[in-house]
Amino acid sequence: MAGLTNKEKQSSKKYMRETIPAIVIYLLMVAGSQYLLKGNEATMWAYPLALSPLIPAYFIARSLVNFVKRSDELIQKLHGDSAIITLLIVIFSGFAYGFLTKVGLPQPDIFWAATLICPLYFIILALLHRKYGMGQC
Amino acid sequence: MSQAELAEQLGVSRQTINTIENGKYDPSLPLAFGMAALFGKRIEEIFFP
């Protein structure tokens, strides 16, 4: 973390401390819930079990929001711009694909559509960093 | 004064200082006032339209 101020280093460390365990727990809960749901889809526990990975996912999202809140104005601007651009791309892509389903394309799986938003956000964030001549996200 | 030291004193990232120096980002008014106060100059002496 060369060239970072002490405040940035502390903020980054805190972000890692909050996010990495949440990601690990999320992956474990996804795998675990999918394993337990096999053959048990009709039980009363199916719905809460299927939704259980959202709990660590909430903490991942919260740690990102807190990291951005702790950041300075330029970093906040970049994250805000990335969020807006991602939203617009998703909206237009959704409309475009929706129109295409009327001419025969298969219905999309919402899970994968939502999953692709995350890397799209960070790709756009990286492009904005390059635009401002910044070396790292 | 290095970019890192300036960033530390202003409470922003070194990347922000670098981007301002390269003219790729215009700081907010509070940050601009902070920079002016740090250098003991007026904003108009540091930033130009």
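Axes are lines fitted to C-alpha atoms, for helices over the stretch in contact, and angles run from 0 to 180 degrees between N-to-C directions. Helices (H or I, at least four residues) are DSSP runs numbered from the N terminus. The model is predicted: local features need pLDDT of at least 70 and side-chain atom pairs count only at pLDDT 80 or more, while totals for chains, interfaces and linings use all residues. Residues are numbered from 1 along each chain as its sequence is written, and chains are lettered from A and ligands numbered from 1 in the order in which they are written.

**Exercise 1.** Determine how helix α4 of chain A and helix α5 of chain A cross.

*Solution.* Step 1: the axes of α4(A) (residues 73-101) and α5(A) (residues 110-131) come within 9 Å and cross at roughly 130 degrees. Step 2: α4(A) is therefore oblique to α5(A); angles under 35 degrees count as roughly parallel, over 145 as roughly antiparallel, 65 to 115 as roughly perpendicular and the rest as oblique. Step 3: residues are in contact if their C-beta atoms, placed from the backbone, lie within 7 Å. The residues of α4(A) that make the contact include Leu78(A), Ile85(A) and Ile89(A), and those of α5(A) include Ile117(A), Tyr121(A) and Leu128(A). Step 4: by class, this contact has 11 nonpolar, four polar and one charged residues. Ala, Val, Leu, Ile, Met, Phe, Trp, Tyr, Cys and Pro count as nonpolar, Asp, Glu, Lys and Arg as charged, and the others, Gly among them, as polar.

**Exercise 2.** Classify Val30(A) as buried, partly exposed or exposed.

*Solution.* Step 1: Val30(A) lies in helix α1 (residues 6-37) of chain A. Step 2: a residue is buried if 20 or more other C-beta atoms lie within 10 Å of its own, exposed if 12 or fewer, and partly exposed in between. Step 3: Val30(A) has 14 C-beta neighbours inside 10 Å and so counts as partly exposed.

**Exercise 3.** Describe the contact between chain A and chain B.

*Solution.* Step 1: chain B gives 15 residues and chain A gives 13 residues. Step 2: on the side of chain B, α2(B) gives the most, with four residues. Step 3: by class, that side has five nonpolar, seven polar and three charged residues.

Definitions and conventions
Helices (H or I, at least four residues) and strands (E, at least two) are DSSP runs, numbered from the N terminus. Two residues are in contact if their C-beta atoms, placed from the backbone, lie within 7 Å.
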